[in-house]
Amino acid sequence: MPRSIITLTTDFGNGSPYVAQIKGVILAMDPDATVVDLTHGIPPQDIVQAAQILPALVEFFPPWAIHIVVVDPGVGSERRIVFARLGEKQLIAPDNGCLTGLASRQEPFTIIELAESQYWLPKVSQTFHGRDIMAPVAARLGLGLEPSALGPRLERLIEIELPEARILPGKVEGEVVSIDSFGNLVTNITAEALANAPRDESVTIRCDDHETLGIYNTYADQPEMTLIALVGSSGQLEIAIVNDSAKIMLGVRVGEKVVVKW
Amino acid sequence: MPRSIITLTTDFGNGSPYVAQIKGVILAMDPDATVVDLTHGIPPQDIVQAAQILPALVEFFPPWAIHIVVVDPGVGSERRIVFARLGEKQLIAPDNGCLTGLASRQEPFTIIELAESQYWLPKVSQTFHGRDIMAPVAARLGLGLEPSALGPRLERLIEIELPEARILPGKVEGEVVSIDSFGNLVTNITAEALANAPRDESVTIRCDDHETLGIYNTYADQPEMTLIALVGSSGQLEIAIVNDSAKIMLGVRVGEKVVVKW
Amino acid sequence: MPRSIITLTTDFGNGSPYVAQIKGVILAMDPDATVVDLTHGIPPQDIVQAAQILPALVEFFPPWAIHIVVVDPGVGSERRIVFARLGEKQLIAPDNGCLTGLASRQEPFTIIELAESQYWLPKVSQTFHGRDIMAPVAARLGLGLEPSALGPRLERLIEIELPEARILPGKVEGEVVSIDSFGNLVTNITAEALANAPRDESVTIRCDDHETLGIYNTYADQPEMTLIALVGSSGQLEIAIVNDSAKIMLGVRVGEKVVVKW
């Protein structure tokens, strides 16, 4: 069995004592675990953003990795905590919709409610289940515990509504869902949604009142400072300015509508 | 023997070459070590903040972990560097008061001055003992070196004055000592200090000119946007706004007085 | 063979999904690898800053570590990706000048173009070669693949012009090349460049319109709030204010000229 890989996605911010405590719990139980920070920069309690970014965060990890997601505004309420096997990924998260982005893409899935408290820390606080329940359960799974031991199976996850691209005749309508460190505008329009779009300059891509023609393969296909549309490394349409920041140059934010037309 | 765990708490900032160099020194000596970033976000040379946050950072790590603390405004002066076993924790730090928060809570303790230079890097700079002395000593301890080999025993650590809660008849006075990523105000008033406070709405919690009644168990005990007081996951009284930021809504900073009265 | 150490230096920002994907690729291939974040804070596409900071980032790592550098504005163009052994360091990077700081210091060197696509991910995007080419190649090298299998040898790396200190009679002219978390101004004037400077107050160090006398050994050599010059822990002249921020107090930026005169 390879060393266990446990990843963390939270809204705690870098350097938070909450992150340190989760790592301490995991390493005390499984000193051989590799604990990987995916991001601690989810905006506080922003379930939608967690749901949207998770597919990209976990995509390239091997199937035995266990992904902990702590974006948990309902901690201490009746919301459940679940183990979920979604396609090739294993996650532990509050059942609040934060897995929607993955669940809507991945089949088959197994959902188990974390109910068996013998796998948790002996003392469970009412405000930090990431540390007291999710972390020890992840460590035990990494050490070989069967997920079925954790509690009863559930039929489904709670899902939230995520902005999805609309595919219309000769047109796809979507929006900017994230902006990377380069200022590239990443949309929710996938390569599949663009399957019928011609690969030439008869395609118009419009965002706010900015417009560009053609969907390219890479930034280097156009000269510096040119507005360009391309399908990025995660299979989503991006709007970029070659070697500059589309975010700054266009003044565009997450949520801005994007229309591809041909 | 489990793989060694060496944690880092510094004021260098994320991505600093100083952090990279410490990791390089440790991994060159012990490639199997797990090096864990606790935080690099201590404000520059802020010994008080390091002392206050350390107990929460190290709390859940196993006793064999070695915690390096590099908040060292006196580097190059006569200040000592010490190995300290404080209760169940092992630390390496400059003897400048940054261990006060732990030392005042943990017994028994062993303090050893780092004096035996054969365990340091061959060339020691005058401005970066975290890399040249603390990192190689931590690596050697992780590999099995006895702390007693490091130098002479000391009787005590240098301690600094930390703001402590005052327990009075029918009243506890403390202050905000940190603010987390959610904007929750964490105070230095512990659950123990509140042992005599009644568990109902006859308790008043006051911070600046804001007031709330009752000490709750979790955020979900009150509706959204309500000011709430509760004992948080580290056993300290917190003032929060349910699903919003008390920091922003109340305009309160670290150091603000908090009074609990009944 | 020790566990492989693979480090990451990028311009992606902390918490970027791009960083998560690189780590996923490496750990899927080599679950025992230790992946170390050096920095993700290189300004977007800033090859010059990457070149200047890399020597300090990698300096203390053991020779078997593999350092991935993803600052790659030319991704998708004809620019090459290389494996480079530069003195005691092994790196994988785009051949765009980002290794100049190391290459100009280290001998001997071996440069190999990454051309053998059987060592890459099966599907290579046109916009993210850090994930699709560099990460899997680093993992395979860590597992024992010979660099010579990766592709043809090259004679030289592309080099860029870096600001270098000018050594003149009785004078060295350089500039501020980075500023650390303490606000200390780190220059490109090395201890070697100052070999002929006397070790007393007959030396004048000038930066913008600020001036200080003498080159000291450590911050503690002068009282608090004093402007001081010293050779820092990486062997470069620094201008600091003892226990305060020279950056803020002097209002100086990267690129400001520094003159040492005697």
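## Interface of chains A and B

About 2,400 Å² is buried between chain A and chain B, and carbon and sulfur atoms give 59% of that area. The structure is a predicted model. The contact draws on 30 residues of chain A and 31 residues of chain B.

Polar links across the interface of chain A and chain B comprise eleven residue pairs in polar contact, both residues at pLDDT 80 or more. On the side of chain A that touches chain B, helix H1 (residues 17-29) of chain A has the largest share, with nine residues. By class, that side of chain A holds 14 nonpolar, eleven polar and five charged residues.

## The salt bridge between A:Asp32 and B:Arg3

One salt bridge is found across the interface of chain A and chain B. A:Asp32 and B:Arg3 form this kind of link, with their closest N and O atoms 3.9 Å apart. The pair runs between chains, from B:Arg3 in the segment before E1 of chain B to A:Asp32 in the loop between H1 and E2 of chain A.

Are the two partners buried or exposed? B:Arg3 has a relative accessible area of 14% and is therefore buried, the cut-off being under 20%. A:Asp32, with a relative accessible area of 38%, is partly exposed.

## Interface of chains A and C

Chain A and chain C bury about 2,400 Å² between them, with 59% of it on carbon and sulfur atoms. Of the area that chain A buries against chain C, 27% is supplied by A:Phe60, A:Phe182 and A:Ser233, more than by any other three residues. The contact takes in 31 residues from chain A and 30 residues from chain C.

There is one salt bridge between chain A and chain C, and the side chains of C:Asp32 and A:Arg3 meet in a salt bridge at 3.9 Å, N to O. Eleven residue pairs, both at pLDDT 80 or more, are in polar contact between these chains. Strand E2 (34-39) and helix H2 (47-58) of chain A each give at least two residues to the side of chain A that touches chain C. E2(A) gives the most to that side, with five residues. The classes on this side of chain A are 15 nonpolar, ten polar and six charged residues.

## A salt bridge between chains B and C

The side chains of C:Arg3 and B:Asp32 meet in a salt bridge, 3.9 Å from N to O. This pair crosses from C:Arg3, in the segment before strand E1 (5-10) of chain C, to B:Asp32, in the loop between helix H1 (17-29) and E2 of chain B. C:Arg3 counts as buried at 14% relative accessibility, whereas B:Asp32 counts as partly exposed at 36%.

## Salt bridges within chain A

Over all chains, the whole structure has 27 salt bridges. One of them joins the side chains of A:Asp95 and A:Arg80, at 3.2 Å from N to O. A:Asp95 lies in the loop between strand E5 (89-94) and helix H3 (100-103) of chain A, and A:Arg80 in the loop between strand E3 (66-70) and strand E4 (81-86) of chain A, so the pair ties together parts 15 residues apart in sequence. A:Asp95 is buried, with a relative accessible area of 4%, while A:Arg80 counts as partly exposed at 29%.

Salt bridges also link A:Arg166, A:Lys171 and A:Glu173 in a network.

## Helix H2 of chain B

Helix H2 (residues 47-58) of chain B has twelve residues and spans 16 Å from its first C-alpha to its last, close to the 16 Å expected at 1.5 Å a residue. Nine of the twelve residues of H2(B) are buried, among them B:Ile47, B:Ile53, B:Leu54 and B:Val58. The buried residues of H2(B) pack against H1 of chain A, and also against strands E1 (5-10), E2 (34-39), E3 (66-70) and E5 (89-94) and helix H3 (100-103) of chain B.

Notes:
Residues are numbered from 1 along each chain as its sequence is written. Chains are lettered from A and ligands numbered from 1 in the order in which they are written. This is a predicted model: local features need pLDDT of at least 70, side-chain atom pairs count only at pLDDT 80 or more; totals for chains, interfaces and linings use all residues. Side-chain values use heavy atoms; hydrogens and water are left out. Contact means heavy atoms within 4.5 Å. Buried area is the accessible area (1.4 Å probe) that two parts lose on being put together, summed over both. A salt bridge is a side-chain nitrogen of Lys or Arg within 4 Å of a carboxyl oxygen of Asp or Glu. A polar contact is a pair of N or O atoms within 3.5 Å; within protein, one must be able to donate a hydrogen and the other to accept it, and residues adjacent in sequence count only if both atoms are side-chain atoms. Helices (H or I, at least four residues) and strands (E, at least two) are DSSP runs, numbered from the N terminus. Ala, Val, Leu, Ile, Met, Phe, Trp, Tyr, Cys and Pro count as nonpolar, Asp, Glu, Lys and Arg as charged, and the others, Gly among them, as polar. The expected span of a helix is 1.5 Å times one less than its number of residues. Buried means under 20% relative accessible area, exposed over 50%, partly exposed in between (1.4 Å probe, protein chains only).
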